[in-house]
Amino acid sequence: MYLVTVAIERTARAAFPVLEPNLLVKAIRAEATPGDGLEHISTRAGPDGLQVGLFCLARNRETAETNARRICRDALRQPSFIGWRLTGRNS
C-alpha cells in the first residue's frame, strides 16, 4: 500500500472560499473504481486549499500516484468544485 498526497488549491474562479473536506472525500470515493485500489482517504485543510492523502494498493508507487491524481482530477470536474485544482505540490 502506498500513501499518495495530493494538494488542491483555490483559484480566483472558486465559487466558495473554503472547500468542505467531507464533500471532497465523497466525490473522490464516487470516482474511484475497484481497480484503483483506493483504501482510505484523509484530508487536512490549509489556508488556500487541502492536502489529501490517498492510501492505494498498487503494484508500485508510480501506479498509485497515477491512480490517485486521476481520481482527484475527475472528482474536481464536478460543478461543486469549480475553481479548485490540483497543484504541482504532490507526492
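**Helices, sheet and core**

The axes of α1 and α2 come within 8 Å of each other and cross at roughly 115 degrees. These values come from a predicted model. Two packed helices are described by the angle between their axes and the distance between the axes. The crossing of α1 past α2 is right-handed. On the α1 side, the residues that meet α2 are Ala27, Ile28 and Glu31; on the α2 side they are Ile71, Cys72, Asp74 and Ala75. Sorted by class, this contact between α1 and α2 holds five nonpolar residues, two charged ones and no polar ones.

The strands come next. Strands of a sheet pair through backbone hydrogen bonds, either parallel or antiparallel. Here four strands make an open sheet, ordered β2-β3-β1-β4, with antiparallel pairing. β2 and β4 are the edge strands and have a single partner each, so one side of each is left without a neighbour in the sheet. On average, and ignoring direction, neighbouring strands are turned by 25 degrees against each other.

The sheet can be followed pair by pair. β2 and β3 are antiparallel and share seven bridges. Within this pair, Ile41 has Leu54 of β3 as its bridge partner, and Ser42 stands opposite Gly53 in β3. Is Pro47 buried or exposed? Its relative accessibility is 78%, and Pro47 therefore counts as exposed, since the cut-off for that class is over 50%. Between the C-alpha atoms of Pro47 and Leu3 there are 23 Å, with the two residues 44 apart along the chain.

β1 and β3 also run antiparallel, joined by eight bridges. In this pair, Val6 is bridged to Val52 of β3. β1 and β4 are antiparallel too, with three bridges between them. Ile8 stands opposite Leu86 in β4.

How do the helices sit relative to these strands? α1 packs on the sheet and touches β1, β2 and β3, and its direction makes about 155 degrees with that of β2. α2 lies across β1, β3 and β4, and runs at about 30 degrees to β1.

In soluble globular proteins, nonpolar side chains tend to be buried together. In this model the largest nonpolar core has 24 residues, and those with the most contacts inside it are Ile8, Leu24, Ile28, Val52 and Leu54. At least two core residues come from each of β1 (2–10), α1 (21–31), β2 (38–45), β3 (49–56), α2 (61–75) and β4 (84–86). The largest share, five residues, is supplied by α2.

Ile28 takes part in the contact of α1 with α2, Val52 is the bridge partner of Val6, and Leu54 is the bridge partner of Ile41.

Which residues does Ile8 touch, leaving aside those up to four places away in sequence? The contacts of Ile8 include Leu19, Leu24, Leu50, Val52, Leu76, Trp84 and Leu86. Asp48, Gly49, Arg85 and Thr87 are also touched by Ile8. Two of these contacts, Leu24 and Val52, are themselves listed with Ile8 among the residues with the most contacts inside the core.

Terms used
Residues numbered from 1 in each chain as written. Predicted model: local features only at pLDDT ≥ 70, side-chain atom pairs only at ≥ 80, totals over all residues. Heavy atoms only, no water. Core = buried A, V, L, I, M, F, W, Y, C linked by side-chain atoms within 4.5 Å. Buried < 20%, exposed > 50% of the residue type's maximum accessible area, 1.4 Å probe, protein only. Contact = heavy atoms within 4.5 Å. Pairing = 2+ DSSP bridges. Axes fitted to C-alpha atoms, helices over the stretch in contact; angles between N-to-C directions. Left-handed = near helix turned anticlockwise from the far one by under 90°. Nonpolar A, V, L, I, M, F, W, Y, C, P; charged D, E, K, R; others polar.
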